[in-house]
Amino acid sequence: LKCSRKTNSIFRLSDRVIAINGLIGDYAAQRNHSVSVIPNCVDTAKYVPAPRLADATVRLVWMGSHSTMQNLKSIAGPIRRLQALGNVPLRVIGAGDPGLPDLQVETHQWSADTEIDSLRDCDIGLVPLPDHPWNQWKFFYKTIQYMAMGMPVVARRMGSNSEVIEHGVDGFLVDDEAQWYESLQTLIADRSLRQRMGAAARAKVIERYSFESQMPRMVDVFEQVLQSKRATQHHARLGQASC
């Protein structure tokens, strides 16, 4: 299990490789010609946005594990500037204290039972990421969770975010603190833009990243592999019989 090359061996030995994003799919295809890219997906029947009042406070949201809370510190500066201009709370859905004492933070402990309710009165999803080679390969599940809830997402231009988010249509892809500030300020100031981008975000998730859209593809992959195996076994039996 600790063999650093085990992934390449597993790719070569597999009848079919299912990758969660294009980058991993391209890598796997160098070692196995039978690759399907099927992204992570959410249950859009459960992840349903709630109507937001016109005068409701605009709320930023970040959701993640204790180990990734450090990512929030990379955008503390832009959020601090925005909060200095008005009431823009940051909701953190996770485990423990996020360690941002100088920001207006609402801390919600994550649980499967309350996750969706904690997201429903939020307006803009955040996906900050550090400069780490591993992040280029990851599929950031929280991105499609936010989008399924009808939120535009501001995310670091990294990994699957560039595949999922169409910049300026259903979210913003950013590279530095100045772009974080500009993108968030634009969304906070323009309610109609938030609504339009949030609707586009949810529509995309329903079309491309929902159980309804992806589970039939997953079933089809398994059926193809099983049919191929049966055909191979049948031919082998015929060959033995002829001998």
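Visitor: Why is the contact between Asp175 and Arg157 called a salt bridge?

Guide: Happy to start there, with the reminder that this is a predicted model. The side chains of Asp175 and Arg157 meet at 3.2 Å, N to O. The cut-off is within 4 Å for a side-chain nitrogen of Lys or Arg and a carboxyl oxygen of Asp or Glu, so the pair counts as a salt bridge. Asp175 sits in the loop between strand S8 and helix H7, Arg157 in the loop between strand S7 and helix H6, 18 residues apart.

Visitor: And what makes Asp175 partly exposed?

Guide: Its relative accessibility is 37%. Buried means under 20% and exposed over 50%, so Asp175 falls in between. Arg157 also counts as partly exposed, at 37%.

Visitor: How do you know that Glu106 and Arg59 form a salt bridge?

Guide: Their N to O distance is 2.8 Å, and the limit is within 4 Å, so the label holds. Glu106 lies in strand S5 and Arg59 in the loop between strand S2 and strand S3, so the pair ties together parts that are 47 residues apart in sequence. Glu106 meets Arg91 in a salt bridge too, at 3.1 Å. Arg91 belongs to strand S4, 15 residues from Glu106. Together with Asp121, the residues Arg59, Arg91 and Glu106 are linked in a network of salt bridges.

Visitor: Which label does Arg91 get, buried or exposed?

Guide: Arg91 has 5% relative accessibility, and under 20% means buried, so buried is the label. Arg59, at 12%, is buried as well, whereas Glu106, at 22%, is partly exposed.

Visitor: On to the rings: why is the pair of Phe11 and Tyr27 called edge-to-face?

Guide: The centres are 6.2 Å apart and the planes stand at 65 degrees. Pairing needs centres within 6.5 Å, and planes over 60 degrees apart count as edge-to-face, so both tests are passed. Phe11 lies in helix H1 and Tyr27 in helix H2, so the pair ties together parts 16 residues apart in sequence. The rings of Tyr27 and Trp137 are edge-to-face too, with centres 5.6 Å apart and planes at 85 degrees.

Definitions and conventions:
Residues numbered from 1 in each chain as written. Predicted model: local features only at pLDDT ≥ 70, side-chain atom pairs only at ≥ 80, totals over all residues. Heavy atoms only, no water. Phe/Tyr/Trp six-rings, centres within 6.5 Å; stacked < 30°, edge-to-face > 60°. Helix = DSSP H or I, 4+ residues; strand = E, 2+ residues; numbered from the N terminus. Buried < 20%, exposed > 50% of the residue type's maximum accessible area, 1.4 Å probe, protein only.
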